[in-house]
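Please look over the sequence and the structure below before reading on. The briefing that follows is grouped by topic.

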Amino acid sequence: MVERVRAALFAIVRDHHDELDAVKQLCEASTELLPIDGASISISLGPQLRNTLHASDAVGNRIESLQFSLGEGPCFESFEFRRPVLVPDLANFTTREWPVFATELARMRIGAIFAFPMQRGAIRIGVVDFYRVRPGWLSPGELAAALEVVEIATLLLLNAQSGTTTALYRPTRRLDHEQVHQATGVLIAAFDMSAEEALARLRAYAFANDQLVDDVARDIMARRLSPQDLVDEP
């Protein structure tokens, strides 16, 4: 299985001269090459600067948005601790690290989720998330094939970065969660708080009002919501 997956991935790389386009195609192809229902790739420079590069479907995008809104989930854990986070049966999974996220995924009827860090030596780029509706472990061969996807995506992104740690965030490309970063800046300017506290305020308000943090940020930037509303929120 690994050889078949590797050959398919190399064919994608050969057919795409732009590394980021190739990574997106790898994400799409992984749903056919692996026993999964969806995949997503996020790039990170830490909890305050994390963006979804690509999601294979709306469910994968929703999973990414939930993690960003809550500030918890396998993606954060995998990135922070530099190791895969494998959850083969979400219905019977409990964790003190991300209980709210696990509950939300159970409502979405996601059976399993697998997160893999994209890293090379001391360099960390982001995380690849795979999900599927039915629960169950990846077999050793399937796990090895998943790691092939992660490894090639990592090498492509390192090449795309061209030796800098911020090239993937250049303004010529649309940034996911861009308005969250802008709204965070509004709170920092208005109340002289740290970036960490500003993002925490956004997440707390979103959670209390059953919204995604992206929605709250859009309301702030459109002036439908005042920054003071977030500070006054109990």
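Is Glu 77 buried or exposed? Glu 77 is buried, with a relative accessible area of 13%. The model is a predicted one.

- Helix α4 spans residues 74-81 and is mostly covered, with six of its eight residues buried.
- The buried residues of α4 are Pro 74, Cys 75, Phe 76, Glu 77, Ser 78 and Phe 79.
- Glu 77 forms a salt bridge with Arg 83, and their closest N and O atoms are 2.8 Å apart.
- Arg 83 is partly exposed, at a relative accessible area of 36%, whereas Glu 77 is buried.

**Other salt bridges**
- Side chains of opposite charge can pair when their charged atoms come close.
- The count of salt bridges comes to seven.
- Glu 104 and Arg 107 meet through their side chains in a salt bridge of 2.9 Å, N to O.
- Both residues lie in helix α5 (residues 99-107), three residues apart, or about one turn of the helix.
- Arg 107 is exposed, with a relative accessible area of 62%.
- Arg 218 forms a salt bridge with Asp 215, with 2.4 Å between the closest N and O atoms.
- Asp 215 and Arg 218 are separated by about one helical turn because they are three residues apart in helix α9 (residues 213-221).
- Asp 215 is partly exposed at 25% relative accessible area, and Arg 218 is partly exposed at 38%.
- A network of salt bridges links Glu 3, Arg 6 and Glu 148.

**Nonpolar cores**
- The largest nonpolar core has 33 residues, and Met 118, Phe 130 and Leu 157 have the most contacts inside it.
- At least two residues of this core come from each of α1 (2-15), α2 (19-33), β1, β4 (112-120), β5 and α6 (140-161).
- Helix α6 gives the most to this core, with nine residues.
- A second, separate core of 17 residues includes Leu 66, Ala 102, Leu 105 and Tyr 131.
- Beyond its neighbours within four places in sequence, Met 118 is in contact with residues including Ile 41, Val 128, Val 150 and Leu 157.

**The cavity**
- The structure holds one cavity of 30 Å³ or more.
- The largest cavity has a volume of about 30 Å³.
- Its lining includes Gly 38, Ile 63, Asp 129, Phe 130 and Tyr 131.
- Strand β1 (38-44), helix α3 (58-70) and strand β5 (123-132) each give two or more residues to this lining.
- The lining residues divide into five nonpolar, three polar and one charged.

Methods. Residues are numbered from 1 along each chain as its sequence is written. This is a predicted model: local features need pLDDT of at least 70, side-chain atom pairs count only at pLDDT 80 or more; totals for chains, interfaces and linings use all residues. Side-chain values use heavy atoms; hydrogens and water are left out. On a 1 Å grid over the protein atoms alone, a cavity is a set of points where a 1.4 Å probe fits but cannot get out, and a pocket is an open set with protein on both sides within 12 Å along at least five of seven lines; lining residues have an atom within 4 Å of a point. Grid points are joined across faces, edges and corners, and a volume is the space filled by probe spheres set on the points. Helices (H or I, at least four residues) and strands (E, at least two) are DSSP runs, numbered from the N terminus. Ala, Val, Leu, Ile, Met, Phe, Trp, Tyr, Cys and Pro count as nonpolar, Asp, Glu, Lys and Arg as charged, and the others, Gly among them, as polar. A nonpolar core is a set of buried Ala, Val, Leu, Ile, Met, Phe, Trp, Tyr and Cys residues joined through side-chain atoms within 4.5 Å. Buried means under 20% relative accessible area, exposed over 50%, partly exposed in between (1.4 Å probe, protein chains only). Contact means heavy atoms within 4.5 Å. A salt bridge is a side-chain nitrogen of Lys or Arg within 4 Å of a carboxyl oxygen of Asp or Glu.
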